Amino acid sequence: MDKLVIEGGRKLKGTVQISGAKNAALPILAATLLTQEKCVISNVPPLRDVQTMVKILRSLGVRVQMQDSRITVYPAKYKGYTAPYKLVSTMRASICVLGPLLAKQALVRVSLPGGCVIGPRPIDLHLKGLSALGAKIKIEHGYIVAQGKKMKGARIYLGGPFGSSVLATANVMMAATLTPGITIIENAACEPEVVDLANFLLKMGAKIHGQKTHTIEIEGVKKLHGAEHKIINDRIEAGTYMLACAITGGEISIKGASISHLGVLIDKLKGVGTTIRHSGDTIFVKATRRLRPVDITTLPFPGFPTDLQAQMMVLMCMAGGISVITEKVYPERFMHISELNRMGARVMKEGSSAIIEGVPKLSGAPVMASDLRASAALVLAGLAASGRTEISRVYHLDRGYKTMEEKLSRLGAKIWREKE
Ligand code: UD1
């Protein structure tokens with residue numbers, strides 16, 4: 001296993017290029033199962049989660065070629081219908097093969113994804129949506145077993161206790177593209193990654209309206225064809241570097257970032273005193289010497305993304321005063337608090353909120369990554385802290401950030417990888 005070592009206290013300076021969005025690439029790769037023709041997907045980040053999705057496609061009998069950030073998928077007449085536990089258990093997003101498989105195969109078996117450290121992650125909305133389309137679904141021996149012979153378009157309300165669901169929307173939208181009749185998804189997710197998936201499906205010949213809104217309408221077609229598509233860039237990666245800059249007192253340019261995907265973060269960063277400008281797809285960030293406290297509530301897009309909550313907490317740790325985070329997407333997603341407190345932060349969890357009292361300085365310490373975004377937060381804390389931070393279990397980070405230590409080193413950080 002690898003660990004990251006950081007000698008903190010350096011201001012970030014320079015330019016960083018943002019990679020393709022993992023959370024857009026995963027459902028788009030799954031969507032290639034809806035056709036028998038070749039699909040070419042570019043700007044795919046070479047991350048472990050992407051490799052897992054490729055393994056799932058291959059296990060279904062699909063030929064996949066990977067060359068740098070370009071993946072060519074040849075789904076001609078694949079026969080597989082089972083997504084096995086050993087792959088699905090390593091990545092919850094594997095559930096997004098369920099919708100496309102169901103639209104193409106008479107019988108489908110997809111392993112239930114299982115637990116997750118960021119809190120309970122049910123799949124009831126996925127099953128509710130697909131059942132509303134007429135799929136017959138049973139749970140057997142840890143697998144979702146579904147039959148989709150007589151599916152028909154339907155009006156489906158897809159909201160749960162925490163609002164819309166990104167991958168449930170993706171699953172139902174993908175299944176509906178080949179389901180006869182009109183499907184209307186109410187309370188649909190409108191995250192940029194859902195819009196990117198809809199754009200890929202449109203290129204394949206699907207009939208979809210209302211993506212970007214909370215009501216998506218899909219008219220089923222008989223067949224989808226192959227398509228080429230460039231994945232959008234990763235707004236969470238861009239946001240992580242914006243925060244890294246603000247926290248370290250730096251000044252950086254972020255290339256390949258879309259301000260329309262980052263509105264709420266830009267607003268909050270301006271609120272704490274950071275200067276933000278943009279030109280085309282480049283965002284310029286200049287830190288302030290004194291960070292002001294700020295409150296955030298995580299919500300579905302365009303609200304504050306839960307995937308930037310942990311990184312934002314590090315900034316709040318450095319601000320002069322009390323900040324509050326209210327987590328309304330994953331109320332238990334606070335595993336990073338105890339590790340940040342080991343670095344001298346003063347954070348207290350209160351129900352689904354965290355109360356953060358800013359401290360003058362964090363101090364480097366050995367810490368342990370618990371999940372993907374918590375790992376990124378620990379890296380940011382290590383960059384801001386005085387002294388040496390060692391982050392173990394960085395395999396979590398490798399699931400979602402392409403060569404983070406290389407990108408940060410180019411910005412002047414002292415960070416490197418070692419074997420544990
Ligand atoms: C996606 C992202 C993940 C992000 C999350 C929320 C991918 C691969 N992952 O995950 O990085 O943190 O969106 O923005 O795109 N829920 C239910 N029932 C369901 C499904 C979800 O109650 O059937 C709840 C979840 O527990 C959570 C909320 O709905 O509280 C939102 O989750 P959801 O949008 O489904 O997350 P994912 O799509 O799995």
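Colleague: What should I keep in mind about the numbering and the cut-offs?

Modeller: Residues are numbered from 1 along each chain as its sequence is written, and side-chain values use heavy atoms, with hydrogens and water left out. The model is predicted, so local features need pLDDT of at least 70 and side-chain atom pairs count only at pLDDT 80 or more, while totals for chains, interfaces and linings use all residues.

Colleague: What makes β16 and β17 a pair?

Modeller: Two strands pair if DSSP finds at least two bridges between them. β16 and β17 (residues 282–286) have five, in the antiparallel sense, so they qualify. One of the bridge partners is K286 in β17, which goes with T275. Strands here are DSSP runs of E, at least two residues, and helices are runs of H or I, at least four, both numbered from the N terminus.

Colleague: Why are β2 and β16 said to stand at the edges?

Modeller: The open sheet has the order β2-β15-β17-β16, with mixed pairing. β2 (13–17) and β16 (275–279) each have a single partner strand, so one side of each is left without a neighbour in the sheet.

Colleague: How do you know that helix α8 packs on the sheet?

Modeller: Contact means heavy atoms within 4.5 Å, and α8 (residues 235–248) touches β2, β15 (251–255), β16 and β17. Its direction makes about 170 degrees with that of β15; axes are lines fitted to C-alpha atoms, for helices over the stretch in contact, and angles run from 0 to 180 degrees between N-to-C directions.

Colleague: What makes L125 in α5 count as buried?

Modeller: Buried means under 20% relative accessible area, with exposed over 50% and partly exposed in between (1.4 Å probe, protein chains only). L125 is among the buried residues of α5 (residues 124–132), along with H126, L127, G129 and L130. Their cover includes α4 (98–104), β8 (136–140) and α6 (166–177). Just after α5, G134 takes a positive phi of about 105 degrees.

Colleague: Why is the β22 to β23 crossover called right-handed?

Modeller: The label applies if, with the strands pointing away from the viewer, the path from the first strand over the helix to the second runs clockwise. Here the chain crosses from β22 through α12 (residues 372–384) to β23, and this β-α-β crossover is right-handed. β22 (residues 366–368) and β23 pair in the parallel sense over three bridges, with M368 opposite S392. On β23 (residues 388–392), five bridges also join antiparallel β1 (residues 2–7), where V5 stands opposite E390.
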